[in-house]
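Have the sequence and the fold side by side, and let's walk through them together. A few landmarks are enough to get your bearings.

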Amino acid sequence: MATMHTYITTPIFYVNAQPHLGHAFTTIVADTYCRYRRLCGDSVVFQTGTDEHGDKIVQAAQGAGVSPGEYVDRISAMFRATWPLLAIQPDNFIRTTDPVHIRTVQRILQQVYEQDDIYFSDYSGLYCKGCERFLTDKELVDGRCPDHLVAPEAITEQNYFFRMGKYQQWLIDHITGNPEFITPERYRNEVLSFLKEPLEDLCISRPTSRLTWGIPLPFDDRFVTYVWFDALINYLTGIGYPDQENFSRSWAAAEHIIAKDILKPHAIYWPTMLRSMGLAPYKKLHVHGYWNVGETKMSKSLGNVVRPAEMVAEYGTDTVRYFLLRDMSFGLDAAYSAEALRMRQNSDLANDLGNLFSRSLTMVAKFTASRVPSAGEPEEIDRQLRDAAVAMVAAYRREMDNFAFHRALAAVWEVISRANKYIVENAPWDLAKDPAKSARLDTVFYYLLETLRLIALTLEPVMPDTAAKMRHALGQAAAQDLTGQAAWGQLAPGTTITLPPPLFPRLDSGKPKTTSAPAQTGGKAQKNMTSTENPDDEGLISFDDFKKIDLRVAEVVAAEKIKKSDRLLKLTVKAPEERIIVAGIAEFYEPEAMVGKQVIIAANLKPTKLMGIASHGMVLAIKDQGSLFLSAVSAKVTPGSKVS
RNA sequence: GCCCCCGUAGCUCAGUGGAUAGAGCACAGGAUUCAUAAUCCUGGUGCCGCAGGUCCGAUUCCUGCCGGGGGCACCA
C-alpha cells in the first residue's frame with residue numbers, strides 16, 4: 001500500500017502579540033496529529049509560521065520604538081523559540097516577510113488580476129482618522145467611533161477587489177458535497193448559513209498613503225495587498241507553489257487547523273481564492289474553540305493571558321500537552337485552570353498511568369529478574385485484557401482520525417484502569433510466593449507488559465517524552481509504526497526491562513506556585529514584603545518558601561537609559577516571553593553592552609512602577625566593594641529556563 | 001433586531017422517542033501491600049433549565065419563556 005501523505009498547517013500567527021495558550025494549543029494539535037500520522041506510516045509535512053504585515057504591526061513597532069522589520073524579527077523569533085519547549089517540531093516555519101513568500105503572493109495577484117478576478121473600484125465608507133481605518137455601522141456608538149468619540153467621515157477610497165461572489169454557488173456545492181471539508185459540523189453549518197446571503201466581493205488592497213508595511217500589488221505600486229491575499233497564501237508558499245517537486249502531492253493532502261475566530265477567511269475567502277487561481281480547495285479544515293481562563297475570556301486587557309512557556313516551566317511539556325488535548329472537546333470552548341491541570345496530573349498521569357507503570361515494572365524486576373517472561377495458556381481474564389488493549393488501539397485510531405483527541409485519550413485511560421484492576425485481580429505478589437504458580441505469574445506479567453507496550457505506543461504522539469521513557473524501560477526500539485506494532489504479542493520474551501524513574505510526580509495540593517501574568521495590580525513597591533510571614537528558625541526558610549520565587553534566565557533584547565535617572569536602565573528581556581524590567585544598574589553597565597546578555601531574574605515579583613515605567617521582575621546582581629556584577633549563567637541556555 | 005447552539009449528579013461532561021438516566025473527578029466506608037499514601041471493591045444524591053403541546057409513552061420531537069454562548073463580513 002502506498003504511503004499516505006499529509007500536509008498539516010497551523011495559521012501563521014500575527015506578531016502583534018506574544019505566544020499564548022491559544023497559539024500553543026493549535027500548534028500542539030497540529031504537532032500531535034502530525035506525529036500520529038507518521039506513526040501510522042504516512043509521510044507528513046507540518047508547517048507553522050508568523051504573519052507580519054499590516055498596520056497593527058506598524059503601530060506595535062512604533063510603541064516599542066523600533067522599526068517594523070526589527071519588531072517582527074523579534075516577535076517571530078519568540079514564536080519559533082516557544083515551540084521546542086512544547087516538543088513541537090514543525091518542518092517549515094514560514095514568515096510573510098520571506099522574499100519567496102512575497103514573490104509568490106505577487107505572482108498569484110498578477111495571475112488573478114490578469115484573468116479579471118480582481119478589479120479596481122470605489123470603496124465608500126465611514127473613515128475614522130484616529131483609527132486610520134473604516135468603521136462598520138455596528139461598530140459605531142451613537143454614530144461615533146467608540147475609541148475616539150468623534151463621528152467618522154464619509155469618504156470614498158479607491159481599492160482593488162476580488163470577485164469572491166462569483167464563486168459563491170460553487171463553494172456552497174463543494175461544502176454540501178463534501179461533509180468532511182469543514183469539521184466539526186457546527187462550523188460547517190455556520191458557514192453554510194452565512195452563505196445563504198449573497199457574498200460580496202472582497203477588498204484586498206490598501207493605498208500606500210495609509211499603509212506601506214505590506215506587499216505591493218504587482219500591477220499598481222500605489223497599493224499594497226491587505227491581509228488575506230498575503231496571509232492565506234502562506235499555505236502554498238511553504239510547499240513550493242507552483243512548480244516545486246512535491247507541491248501537488250502536498251497540496252492535495254492539505255489539512256488546516258484553526259481556531260474559530262478565523263473561520264470565515266479559511267472557509268470562504270480561501271477556497272474561492274484557490275478556485276480563482278485554478279487550484280483545488282484544501283482537503284480539510286479543522287476548527288477548534290477557545291481556551292477560557294476559568295470563567296472568563298483570556299485577554300490582554302484582563303491581564304490573564306496564559307503563557308505556554310510558564311505552563312511548561314511549572315508542569316512540564318508532556319503534562320501540558322496531555323492536559324490541553326484531554327480537557328478540551330475539540331470544537332468546543334474549554335476552561336483552563338491550574339486546578340484542573342493539577343487534577344489531571346495527579347489522577348490521570350501520576351496515579352493511573354505513572355503508578356501503573358511503576359508498580360508493574362517493579363514487580364517484574366523483583367519476581368522475574370527483569371526479564372519479559374513467556375506467556376502460557378491464557379485464561380479468560382487474560383483474554384479480556386488482551387481484547388481490551390487491541391480494541392483500544394482501534395478506538396484510539398478512529399478518534400484520532402476524527403480529531404477527537406479527548407476521546408482517543410479516554411479510550412487509552414480505560415485500558416490503563418483495566419490494567420490496574422488486572423493486577424489486583426491476579427495479585428502477582430501472591431503468585432510469586434508459590435513456586436507451583438510461576439507459569440501463571442509469567443503469563444500475568446506478559447499480558448501486563450504487552451498492554452503497557454501498546455499504551456506507550458498510543459501515547460507517542462501526545463506525550464513523546466513519556467512514551468520514549470516507557471519504550472526504553474520495556475526494552476523497545478523507537479516506535480514508528482502503529483500498524484505493524486499494534487498487533488498483540490510482539491514483546492519478545494527474554495527482553496530485559498529497566499526500572500525507570502517515576503513518569504510523573506504527584507503534585508501536592510495547595511496553591512499552585514504559578515506566576516501567571518501580573519499586570520492588573522498597578523501597585524506600589526511593597527516595602528515590607530515579608531512582614532506578615534513568620535521568619536522563625538533564625539531566618540531559615542523552607543524549601544516550599546524557596547520554590548515561591550520563580551527564578552529564570554532572561555536574555556536582554558533591548559536596553560535603554562531612563563531619562564532623568566542615574567541608575568535605572570529599561571531592559572526588554574526574553575524569559576521566554578517578552579517583558580520589561582527596570583534595573584538599577586546604569587552606573588555600571590552601558591545599555592549597548594547589555595543586549596544579548598543572559599541574566600537571572602526573579603520573574604514573579606509583583607510589578608511595580610519605577611520612574612513611570614512598569615517593571616515586571618528583577619534582575620539579580622551582586623554588589624561587591626562598590627562595584628556591581630550581573631548574575632550570569634555559565635553557558636548559553638534557552639531564555640526562560642528555570643533556575644533552581 | 002434576525003439566525004444558530006447550549007442548559008443532565010457538588011464539578012466536567014456522555015446519552016437515547018420508551019423500561020430502575022450514565023462516566024470521570026470529588027466525597028464516605030471497606031479490601032490490599034506490588035506501587036508515586038498509589039490501587040481495587042461498595043455506596044448515595046439528579047423535578048435531565050421552566051411552562052405548555054404531540055404521543056400509549058419525552059430528558060430525547062414541537063412551541064413559548066428564562067439563563068449562558070456564538071454568528072450577522074472584510075475590526076487578522
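What follows is a short tour of the sheets, helices and aromatic rings.

First, the ground rules: this is a predicted model, where local features need pLDDT of at least 70, side-chain atom pairs count only at pLDDT 80 or more, and totals for chains, interfaces and linings use all residues. Residues are numbered from 1 along each chain as its sequence is written, chains are lettered from A and ligands numbered from 1 in the order in which they are written, and side-chain values use heavy atoms, with hydrogens and water left out.

Let's begin with a sheet. It is an open one, built from 6 parallel strands in the order 3-2-1-12-13-7. Strands (E, at least two residues) and helices (H or I, at least four) are DSSP runs numbered from the N terminus, and two strands pair if DSSP finds at least two bridges between them. Strand 3 (92-95) and strand 7 (182-183) sit at the edges with a single partner strand each, so one side of each has no neighbour in the sheet. Strand 1 (residues 5-14) runs parallel to strand 2 (residues 43-51), joined by 8 bridges, and Ile12 stands opposite Gly49 in strand 2. Lying across strands 1, 2 and 3 is helix 3 (residues 68-82), which runs at about 160 degrees to strand 3. That angle is taken between N-to-C directions on a scale from 0 to 180 degrees, with axes as lines fitted to C-alpha atoms, for helices over the stretch in contact; contact means heavy atoms within 4.5 Å.

Now for the rings. The structure holds 30 aromatic pairs. Rings of Phe, Tyr and Trp (its six-membered ring) pair if their centres lie within 6.5 Å, and planes under 30 degrees apart count as stacked, over 60 as edge-to-face and the rest as tilted. Phe13 and Trp83 make a tilted pair, 6.1 Å centre to centre with 55 degrees between the planes. This pair links distant parts of the chain, 70 residues apart: Phe13 is in strand 1, and Trp83 is in the loop between helix 3 and strand 3. Both Phe13 and Trp83 are buried, where buried means under 20% relative accessible area, exposed over 50%, and partly exposed in between (1.4 Å probe, protein chains only). Elsewhere, Tyr33, Tyr36, Phe330, Tyr396, Phe403 and Phe405 form one aromatic cluster.

Next stop, helix 18 (residues 464-473). Because 7 of its 10 residues are buried, helix 18 is largely enclosed by the rest of the structure. Among those buried residues are Pro464, Met470 and Arg471. The buried residues of helix 18 pack against helix 1 (21-39), helix 12 (317-327), helix 13 and helix 17 (438-459). After helix 18 comes Gly475, with a positive phi near 70 degrees. Over in helix 13 (residues 338-368) you'll find Thr368, which counts as buried because its relative accessibility is 15%. Leaving aside residues up to four places away in sequence, Thr368 touches Met363, Asp442 and Phe445.

Finally, look at strand 19 (residues 598-602), where 5 of 5 residues are buried. Gln598, Ile600 and Ala602 point one way, while Val599 and Ile601 point the other way. Strand 16 (residues 551-561) runs antiparallel to strand 19, joined by 5 bridges, with Val553 opposite Ile600. Strand 19 also pairs in the antiparallel sense with strand 22 (residues 618-619), over 2 bridges, and there Ala602 stands opposite Met618.
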